[in-house]
Amino acid sequence: MHPASFGYQAPGSLQEAFALLQEHGEDAKVLAGGHSLLPAMKLRLTQPEVLVDLRRIPGLDGIRVDNDTLVIGALTTHTEVGTSEDVRRLLPGLADTASVIGDLQVRNRGTMGGSVAHADPAADLPVTLTALDASFVLASAAGERIVTADDFFVDFFTTAVEPDEILTAIRIPLPSTPARTSYAKLPHPASGYVVVSAAAALTVDEAGACTGARVVLGGVAGTPHRATGAEAALTGQALTPEVMAAAAEQAADGIDPHADSYADEDYKRHMTVVYTRRAIEAAAARG
């Protein structure tokens with residue numbers, strides 16, 4: 001199918017982009033890599049009157065360490081994230097995630113900011129970024145504000161980004177000791193989208209006890225789902241196989257997974273336990 005007719009603007013600065021968003025309001029859509037927006041336009045699921053292409057604006061890509069924070073520009077591609085030495089060294093779970101998104105073409109063109117702003121419940125990055133307690137920098141003509149991952153993802157394909165705002169960067173706090181992070185995914189065999197996934201971020205003391213845990217599930221709700229039961233079962237415990245298995249069993253507590261044509265609720269609930277255990281074990285092994 002072909003999209004409905006639309007206008008196209010490629011501003012050279014954020015100020016120009018802000019002006020276009022103010023002029024066109026909700027009739028405008030921001031374009032990053034295009035791998036989420038353009039297919040939706042072809043299916044007439046969204047019909048913006050104007051596309052505001054961000055790719056000519058300098059400073060919206062790149063990866064850097066800023067004191068105790070990893071900062072990733074919104075236009076940084078999945079390939080750049082997955083192959084970054086800093087990401088692989090400091091947050092290997094994020095590199096794992098970026099490396100299993102879509103296929104090679106998608107990873108080379110799709111952007112980190114575009115993926116999270118689209119907020120597809122079957123996407124990979126929202127799950128891991130929530131586990132990593134990431135924050136999102138939202139800029140507008142009025143200034144900047146920072147929204148945490150727990151507040152950023154609101155519902156199916158819905159985020160906290162306002163119509164006049166642009167996601168410019170993702171900020172991820174770096175713990176004082178190397179983070180034990182991982183991502184485990186059951187992909188749909190045709191599309192590669194998430195059927196069920198789990199991300200884990202653990203901090204462990206010198207004695208081997210877990211001092212903090214964030215475990216987040218994908219594919220089971222409209223937004224990334226914090227497995228608080230699993231987190232509580234890990235915290236304060238030595239990461240033995242028995243403890244990790246017991247924590248994974250609690251990951252499915254209180255969830256009502258969305259069934260689809262590939263996986264029903266019972267299957268997703270069972271796979272939630274399986275992939276949570278895999279994520280926890282993989283994170284723990286990265287001592």
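This is a predicted model: local features need pLDDT of at least 70, side-chain atom pairs count only at pLDDT 80 or more; totals for chains, interfaces and linings use all residues.
The chain is divided into three parts: domain 1 (7-53), domain 2 (63-173) and domain 3 (180-284). Between the C-alpha centres of domain 1 and domain 3 the distance is 35 Å.

Nonpolar side chains tend to be buried together in soluble globular proteins. In this model, the largest nonpolar core holds 32 residues. Those that touch the most other members are Leu202, Cys210, Ala227, Leu234, Leu239, Met244 and Ile280. Two or more residues of this core come from each of the strands β11 (180-187), β12 (194-204) and β13 (210-218). The helices α10 (228-234), α11 (241-249) and α12 (265-284) do likewise. The most comes from α12, with 7 residues. Ile280 illustrates the packing. Residues up to four places away in sequence aside, Ile280 touches Ser182, Ala200, Leu202, Val215, Leu234, Met244, Ala247 and Ala248. Another core, of 31 residues, lies apart from the largest one. Its members include Val116, Phe136, Phe152 and Ile170.

The structure holds 2 cavities of 30 Å³ or more. The largest cavity has a volume of about 90 Å³. It is lined by 16 residues, with Asp120, Pro121, Pro126, Thr223 and Pro224 closest to its centre. Two or more lining residues come from each of α8 (125-131), β8 (153-155) and β13. By class, this lining has 10 nonpolar, 4 polar and 2 charged residues. Domain 2 (63-173) and domain 3 (180-284) each supply at least three residues to the lining of the largest cavity.

The second largest cavity has a volume of about 30 Å³. Its lining consists of Gly93, Leu94, Thr128, Ala131, Leu132, Thr181, Ser182, Ala199 and Ala200. The elements α5 (92-99), α8, β11 and β12 give two or more residues to this lining. The lining has 5 nonpolar and 4 polar residues, and no charged ones. Domain 2 and domain 3 both contribute to it, so the second largest cavity lies between them. Ser182 and Ala200, which line this cavity, are also touched by Ile280.

The second largest pocket has a volume of about 240 Å³. Its lining numbers 17 residues. Ala122, Val194, Val195, Asp260 and Lys268 lie nearest the centre of this pocket. The lining divides into 10 nonpolar, 5 polar and 2 charged residues. At least three residues of the pocket lining come from each of domain 2 and domain 3.

Terms used: Residues are numbered from 1 along each chain as its sequence is written. Side-chain values use heavy atoms; hydrogens and water are left out. Domain bounds come from an automatic or database domain assignment. On a 1 Å grid over the protein atoms alone, a cavity is a set of points where a 1.4 Å probe fits but cannot get out, and a pocket is an open set with protein on both sides within 12 Å along at least five of seven lines; lining residues have an atom within 4 Å of a point. Grid points are joined across faces, edges and corners, and a volume is the space filled by probe spheres set on the points. Ala, Val, Leu, Ile, Met, Phe, Trp, Tyr, Cys and Pro count as nonpolar, Asp, Glu, Lys and Arg as charged, and the others, Gly among them, as polar. A nonpolar core is a set of buried Ala, Val, Leu, Ile, Met, Phe, Trp, Tyr and Cys residues joined through side-chain atoms within 4.5 Å. Buried means under 20% relative accessible area, exposed over 50%, partly exposed in between (1.4 Å probe, protein chains only). Helices (H or I, at least four residues) and strands (E, at least two) are DSSP runs, numbered from the N terminus. Contact means heavy atoms within 4.5 Å.
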